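I opened my notebook to get to know a new structure. Here is what I looked up, entry by entry.

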Amino acid sequence: MRQRNIKNLQERIDDNSTHLVREPEAMKGRWRELFGNDRPIFLEIGSGKGKFISERAERLKDYNYIACEGQDNVCLRVLEKAEEADPDNLKVMMKYIHDIHEIFENGELEGMFLNFSDPWPKERHAKRRLTHRRNLKGFFDVMRPGGTIEFKTDNDDLFEFSLEEIEDQGYEILEFTRDLHAEDCTYLSKEFMTEYEERFMTLGKNINYVKFRKPQEDPGQTGGNMIFVRENGRTIPKEDKIFAISNRAKEAIAKYGKENVINGTVGALFDDDGKLIVLRSVDRVFKSLTPDEYAPYAPIGGTPEFRTAIKKAAFGSYEPKGFTEAVATPGGTGGVRNTVSNFSAPGDRVLVADWFWAPYKTICQEIGREIQTFKFFNEEGGFNIDDFKANVLELLEMQDSLVIIINSPAHNPTGYSLTVTDWRNIKAIFEKTPQDKHVALFVDAAYIDFAGDEEQYRQFLPVLDEMPENVLPIVGYSASKTFTMYGMRCGAMICIAKTPAIAQEFKQACEFSSRGSWSNCNRAPQTIIAKIFADPELKKMVDEERAEYRDMLLRRGRAFEKAAKECGLEMVPFDAGFFASVPMPNPDEVAAELEKENIFLIPLAKGIRTSVASVPEDKCVLIPARIKAAMEKLAK
Ligand code: PLP
């Protein structure tokens, strides 16, 4: 709200400046020193006349507070209040914050209050809203792990927008109400009101309120606990989440017997007896290798025979018009890493779907990038092209280049395969984006041979070929599932470039990265794949064997889906692939509850994933009802 001009404003500010921090940037990393104690520090952005923060500072003496208000004539009121009460736990800064990192060191704050902030109602101004995802991300950077944001507003539209941002970013909501001052609401925040709030309350307007935090990846085990290790912005858990749960499942099997345990954790194919499936044809070729065929170093980008064969494996009968180069990688994982490191810049965000394979985030953290998610599904359960577009446009405005990872066909963990129309829609978006901004479109095709008919599920490839010039499609191919070579660590990244120079540059940069990380890849699986593609009879055997297991997977997934329907459990429709997923707000808690019953599944950000690849059909049908029961138990 505009305030009247105040006479002798500067003079009055100077007269009331005991609590004013004139150069907040100079205090970065030293706020504790300024307060002279180690008490947690809370910041209010947009303090108005300071009623809320002054009362808080007065009543809650164990905490330090910083009031921040940009309008000098309004901020004067905060200063006057502070001058009068003279609290030793309140500081004031007169500032519009544009970049929070300029004022606070990472982890310096305990929490933040955003009260009745400007709604910026025009859509094109959405980024200026304090609860826009970009701002929230910065706020959480400067808070200690577990720090909270409390947000109050009378503006219902702004509240809806903020809730979507909070949910999309996977933040954890701790308190929530659309009517903070309802009689039965007991949140502490109700006891501290701003001037606005008081006025709206008397007018009978509801006040929306939400308190939320960034979930800790591994509560209590991370965040500055390292001894020698430099965390470098990463959150390093004690163990890999999936492998840790899988190990607990194995221990349970050893203790209680495999018939009494369900292990739906690891994405690898197991038969009904719980034995890892290895294609017999592949096994036979492996055992026939001579030392010359497996012992020598392979060239960094892969043997020439492998590079030719792996393109055929990825593209099937389709022959791209673009210029292709294949570079060997240790599994599909290596392709993700090489793509992120070569086609994005440090600090960039990489765009992935909100249902995503967790290592995408690990890889980004590891090399100083972050992920940003778009909503994978729309209301009808199809690919959410609108949210995809909004995120692409936002990131292209912020960055000079962009890496996008799309896992399809048979997406992990939902099984969804983008349709040819979905791909055409994606292409249409890029045709309209600024052509000077480069996009690396990484198609993670790790499950391409488990989606259904191999040719049918490769029909999207021509659309990749037709992408505009500013887009470089890269297909990430994994031999882990397709050839049951999980531990042999074999895969490839293959570009479809518009010019030979781009393809050459791709090869050169990716080989450089390979040399600087894993050096070269295993020769044995490269030889096996080259042999399979050089021998049509052998290739036919491999395909037939795999098709058998693909059908087994489909049966398991459908049995799971049917059982979910029967017990009324909502799930992400099962299309194909290794996993069946159930959305829920509290996956970690539900997974922990299921573990008590010896059911081991993987909690993800938005739900629980069951690897139907590792659970026999007769057990798949039992899982949905157990998940539902655990969810209901926790909801009580
Ligand atoms: N991409 C996705 C979505 C996956 O689920 C996996 C494996 O689980 C991979 C890529 C690559 O795996 P690998 O490195 O074993 O080939």
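**Two helices in contact.** I started with α11 and α19, where Glu305, Phe306, Ala309, Ile310, Lys312 and Ala313 in α11 meet Gln526, Ile529, Ala530 and Phe533 in α19. Contact here means heavy atoms within 4.5 Å. I sorted the residues of this contact and got 7 nonpolar, 1 polar and 2 charged. In this sorting Ala, Val, Leu, Ile, Met, Phe, Trp, Tyr, Cys and Pro are nonpolar, Asp, Glu, Lys and Arg are charged, and the others, Gly among them, are polar.

**What I am looking at.** This is a predicted model, where local features need pLDDT of at least 70 and side-chain atom pairs count only at pLDDT 80 or more, while totals for chains, interfaces and linings use all residues. Residues are numbered from 1 along each chain as its sequence is written, and side-chain values use heavy atoms, leaving out hydrogens and water.

**How the helices cross.** The axes of α11 (residues 304-315) and α19 (residues 523-534) come within 8 Å and cross at roughly 60°. Helices are DSSP runs (H or I, at least four residues) and strands likewise (E, at least two), numbered from the N terminus. Axes are lines fitted to C-alpha atoms, for helices over the stretch in contact, with angles from 0 to 180 degrees between N-to-C directions. I noted the crossing as left-handed, that is, the near helix is turned anticlockwise from the far one by less than a right angle.

**Around the ligand.** Which residues come nearest to the ligand? Of the 14 around it, they are Gly332, Thr333, Asp444, Tyr447 and Ser478; a residue counts as near if one of its heavy atoms lies within 4 Å. For polar contacts (pairs of N or O atoms within 3.5 Å), I found a ligand oxygen 2.4 Å from a side-chain N or O atom of threonine 333. Another entry is asparagine 412, with a polar side-chain atom 2.8 Å from an oxygen atom of the ligand. The protein buries 92% of the 390 Å² that the ligand exposes when taken alone (Shrake-Rupley method, 1.4 Å probe). Helix α12 (331-343) is among the elements giving two or more residues to the shell, and α12 gives the most, with 3.

Most residues other than glycine have a negative phi, and most peptide bonds are trans. I found the bond from serine 408 to proline 409 to be cis, with omega near -5°. The bond from asparagine 412 to proline 413 is cis too, with omega near 15°. Proline 409 lies in the loop between β12 (401-407) and α15 (420-432), and proline 413 lies in the loop between β12 and α15.

Key
A polar contact is a pair of N or O atoms within 3.5 Å; within protein, one must be able to donate a hydrogen and the other to accept it, and residues adjacent in sequence count only if both atoms are side-chain atoms.
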